[in-house]
Amino acid sequence: MKNILYVEDDVEIGQIVNEDLEQRGYKVRWLTSGNRVGEVIGEADIVILDVMLPGLDGFTVGQRIKRNHPDIPILMLSARTSVEDKLEGLQFADDYVTKPFHPEELAARIEVLLRRHRRAVPDAIQIGHLTIHMVENRIVSSDGNEILLTAKQHQIFMYLVRHPNQILTKEQLYEGVWEEPYMDGDKTLMVHIRHLREKIEIDPSTPTIIETIRGIGYRVKQ
C-alpha cells in the first residue's frame, strides 16, 4: 500500500480527494496546512500539495520538501492557472494539475509519478552497533534491545540516516527537522543531539554514530 501525504485546506475538495484515493487502495495522510509536514514526510511515497494554504504557501512547503527529500515526488494542485504559476511550481514539483480536475486524471498522474520515482527502501540499515528498521521505524542495538526515542530525537536521527556520509550543517539539520529558520547561537539542536547520543551511543562522551564536524555540523557514517 502506497502512502500519500495530501495537503489541502479546502475541506470539501479534501474530503472528495481523500475518499477517492482511499477507495483506490492508497493510505492517505491529509493535512490542512503545511505546519506538520516535517513530522510525517518520512512516511510518504508521494506528496499532493495545494498552492493556496494558510501560513506557508504550497510553493514554500514544496521547495522545503524537495530540498530535504529529493526522492519523494510532488504533485501540485492549484486553481492558479497562469503560465507563471505553473513554471514556478514546476521548478521543484514533478507535476502540476489545475483545478477543477477529474479524479481519474489525478489517479493516473499519481500512478505515473510513483512508477517514475519507485524507491527501493531497504528493510534495515546497519550503522555501528545499531540496526535501523526503516519500514517499521525501529532502532535496535546489538544486544537486542529496542531504543526508544522522543519524536524530535527520532526525526533528527532519521534525517541524518537519510543523508549518510553527508556533512549536514546545523542550519540544514535544524531547518530540515523544525522547518523554521535557524537562529545563529540557538542551542536547541545541540541539546537534542546530546540527549540523542545518550540513548544511541555506547559511550556518549566518545560518539561513533553521530560524528561532530567541528565548526560545521554533524554526520552519520555508513
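Q: What relative accessible area does Arg24 have, and how is that value read?
A: The model is a predicted one. Arg24 has a relative accessible area of 34%, so this residue is partly exposed. Asp20 comes out at 18% relative accessibility and therefore counts as buried, because the label buried is given under 20%.

Q: Which residue forms a salt bridge with Asp20?
A: The general idea comes first. Side chains of opposite charge can pair when their charged atoms come close. Here Asp20 pairs with Arg24 in a salt bridge, and the closest N and O atoms are 2.7 Å apart.

Q: How many salt bridges does the count come to?
A: The count comes to 10 salt bridges. Another of them joins Arg109 and Glu105, whose closest N and O atoms lie 2.9 Å apart.

Q: Why are Arg109 and Glu105 separated by about one helical turn?
A: Both belong to helix H5 (residues 103-116), and they are four residues apart there, which means a separation of about one helical turn. Arg109 is partly exposed at 28% relative accessible area. Glu105 is also partly exposed, at 32%.

Q: What is the N to O distance in the salt bridge of Arg138 and Glu146?
A: The side chains of Arg138 and Glu146 meet at 3.8 Å, N to O. Arg138 is partly exposed, with a relative accessible area of 27%, and Glu146 is partly exposed at 42%.

Q: How many residues does helix H8 have, and what span does it reach?
A: A helix can be read by setting its span beside the expected one. H8 (residues 188-200) has 13 residues and reaches 19 Å from its first C-alpha to its last, close to the 18 Å expected.

Q: Which residues of H8 are buried?
A: Leu189, Ile193, Leu196, Arg197 and Ile200 are the buried residues of H8. They lie on the same side of H8, because they cover an arc of only 100° around the axis.

Q: Which residues of H7 are buried, and what covers them?
A: In H7 the buried residues are Leu173, Tyr174, Gly176, Val177 and Trp178. Their cover includes H3, H6, H8, S11 and strand S9 (168-169). Just after H7, Glu179 takes a positive phi of about 55°.

Q: How many cavities of 30 Å³ or more does the structure hold?
A: Empty space is found in a simple way. Rolling a probe the size of a water molecule over the atoms shows where empty space is left. The structure holds one cavity of 30 Å³ or more. The largest cavity has a volume of about 40 Å³.

Q: Which residues line the largest cavity?
A: The lining consists of Gly34, Val37, Leu56, Val61, Arg64, Ile65 and Glu179. Helix H3 (residues 58-68) gives the largest share of this lining, three residues.

Q: How many residues line the second largest pocket, and which lie nearest its centre?
A: The second largest pocket is lined by 14 residues, and Lys170, Tyr182, Met190, Gly215 and Tyr218 are the ones nearest its centre. The space in this pocket is about 240 Å³. At least two residues of its lining come from each of H8, S10 and S11.

Technical notes: Residues are numbered from 1 along each chain as its sequence is written. This is a predicted model: local features need pLDDT of at least 70, side-chain atom pairs count only at pLDDT 80 or more; totals for chains, interfaces and linings use all residues. Side-chain values use heavy atoms; hydrogens and water are left out. The expected span of a helix is 1.5 Å times one less than its number of residues. Buried means under 20% relative accessible area, exposed over 50%, partly exposed in between (1.4 Å probe, protein chains only). The arc is that of the directions from the helix axis to the C-beta atoms. A salt bridge is a side-chain nitrogen of Lys or Arg within 4 Å of a carboxyl oxygen of Asp or Glu. On a 1 Å grid over the protein atoms alone, a cavity is a set of points where a 1.4 Å probe fits but cannot get out, and a pocket is an open set with protein on both sides within 12 Å along at least five of seven lines; lining residues have an atom within 4 Å of a point. Grid points are joined across faces, edges and corners, and a volume is the space filled by probe spheres set on the points. Contact means heavy atoms within 4.5 Å.
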